Amino acid sequence: MSDYKILIGDCLESLSREKISEAVDLTFLDPPFNQGKDYSFHNDNLSSEEYWNMMKEVCQKTFNITSNGGAIYFMQREKNTEDVLRCLRETGWTFQNLIIWKKKTSAVPVSSKYGKQYQIIAYAAKGEKARVFNRLRISPPLPPNYKFQRENGLYVTDVWDDIRELTSGYFAGDEALRNKDGARFHKQQAPLALLLRIILSSSKVGDAVLDPFAGTGTTLVAARQLNRNSVGIEIDPKNAEMIRSRLEEIRDADNIEKYYQDYIHTENLSKIWGVKSAPANVKKKMKQSAFAG
Ligand SMILES: C[S@@+](CC[C@H](N)C(=O)[O-])C[C@H]1O[C@@H](n2cnc3c(N)ncnc32)[C@H](O)[C@@H]1O
């Protein structure tokens, strides 16, 4: 069984070998975006210089505790792409891909610009290239003019348009954690499918996954079910408490088994996933389609 650790406090103080205790193999960075949002324990209205100095320090400290060949995924708004790439480069990381996470919804456009419909995720490695990269295959729906089903799916590319964001209010569905009054517990909760893809692509069973801005702990929830060790750092004790309860009892909405089928064309999937064989519901489907065929 994998281990997890939740550290409550400022990640700048916790990102050290003593506090994290093992070398990190993969990091997901989803910081507050400094856009004046209402965080209880964080000033989201820093000057641009202060904010990017802080992010640079996070990238540097993360680099220092990462194993050679380890990876980082840094998520941000597309307008900050230049700063993200600079932060990573200046702290020793080697750029690998700029992933476009295309949302299902878009922002209302301002009068002089196109409406925004994606977020960037910069993927970089410690060293020339990453030590682990599992080439996942997915099977997106066929475009309307395609006649034949693809037999083996397609490799995942750097445009991810098949993962739905947890949009505001009730549209966020069951996955969004909610307060008693039905309001969302944390407006920046990331979808589990996003972390599942990152962890499956860039780590193996037993690796250590780090999230310095853990929020509701989506990274730890995915890592735990994939038999990877994880460390989450979160400054707000209420969020940290939520991470703990989310991990103690995995909710149906957080169960990753339902995504196994999406990656079924991936070579060695059960090994990458950290299970002996496909989940029962997937096996049943496979049997049925073999029977139908
Ligand atoms: C964008 S949210 C992360 C959401 C997360 N990916 C999830 O799925 O829930 C950023 C989180 O960072 C936390 N935070 C802000 N400043 C921090 C700091 N200096 N150290 C640790 N956590 C911090 C905030 O409280 C917030 O929960």
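This briefing walks through the overall build, the ligand shell, the core and a few individual residues of the structure above. The model is a predicted one. The protein has nine helices and ten strands, and buried residues make up 34% of its 293 residues. Let's start with the whole and then move to the details.

**Overall build**
- The radius of gyration of the protein is 19 Å, which agrees with the value near 19 Å that a compact globule of 293 residues would have.
- Along the principal axes, the C-alpha trace spans about 60 × 50 × 45 Å.
- Among the contacts with a separation of 6 or more, 69% join residues 24 or more positions apart.

**Around the ligand**
- The ligand is surrounded by 22 residues, and the closest are Ala190, Phe213, Gly215, Thr216 and Thr218.
- Two elements give two or more residues to this shell: helix H1 (11-14) and strand S10 (229-234).
- Sorted by class, the shell has ten nonpolar, eight polar and four charged residues.

**Aspartate 30**
- You will find aspartate 30 in the loop between strand S2 (24-29) and helix H3 (48-64).
- Aspartate 30 counts as buried because it has 23 C-beta neighbours inside 10 Å, where 20 or more are needed.
- Leaving out residues up to four places away in sequence, aspartate 30 touches Met75, Ala190, Phe213 and Gly215; Ala190, Phe213 and Gly215 are also among the residues closest to the ligand.
- Aspartate 30 and glutamine 188 are 158 residues apart along the chain, yet their C-alpha atoms are separated by 9.0 Å.

**The nonpolar core**
- The largest nonpolar core has 63 residues, of which Tyr73, Phe74, Leu195, Ile199 and Ala222 touch the most other members.
- Helix H5 (residues 192-202) gives the most to this core, with seven residues.
- As a general background, nonpolar side chains tend to be buried together in soluble globular proteins.
- Isoleucine 199 touches Leu26, Val209, Ala222, Ala223, Leu226 and Arg228, not counting residues up to four places away in sequence.

- Val84, Cys87 and Leu88 are the buried residues to look for in helix H4 (residues 81-90).
- These three lie on the same side of H4, because they cover an arc of only 95° around the axis.
- An α-helix has 3.6 residues a turn, so residues three or four places apart point the same way.
- Exposed residues Glu82 and Glu90 sit on the face of H4 turned away from its buried side.
- The packing partners of the buried residues of H4 are H3, strand S3 (66-77), strand S4 (94-102) and strand S5 (118-125).
- Just after H4 comes glycine 92, with a positive phi of about 105°.

- Serine 21 has a phi near 65°, a positive value in a residue other than glycine.
- Serine 21 belongs to the loop between helix H2 (17-20) and S2, and counts as partly exposed because it has 13 C-beta neighbours inside 10 Å.
- Asparagine 268 also takes a positive phi, near 60°, in a residue other than glycine.
- The loop between helix H7 (237-248) and helix H8 (269-273) holds asparagine 268, which counts as exposed, with 8 C-beta neighbours inside 10 Å.

**Lysine 283**
- Helix H9 (residues 280-292) contains lysine 283.
- Lysine 283 is exposed, with 12 other C-beta atoms within 10 Å.
- From lysine 283 to valine 24, the C-alpha distance is 34 Å, and the two are 259 residues apart in sequence.

Terms used:
Residues numbered from 1 in each chain as written. Predicted model: local features only at pLDDT ≥ 70, side-chain atom pairs only at ≥ 80, totals over all residues. Near = placed C-beta within 6 Å. Helix = DSSP H or I, 4+ residues; strand = E, 2+ residues; numbered from the N terminus. Nonpolar A, V, L, I, M, F, W, Y, C, P; charged D, E, K, R; others polar. Contact = placed C-beta atoms within 7 Å. Arc of directions from axis to C-beta. Rg over C-alpha atoms; globule rule 2.2 N^0.38 Å. Core = buried A, V, L, I, M, F, W, Y, C linked by C-beta atoms within 7 Å.
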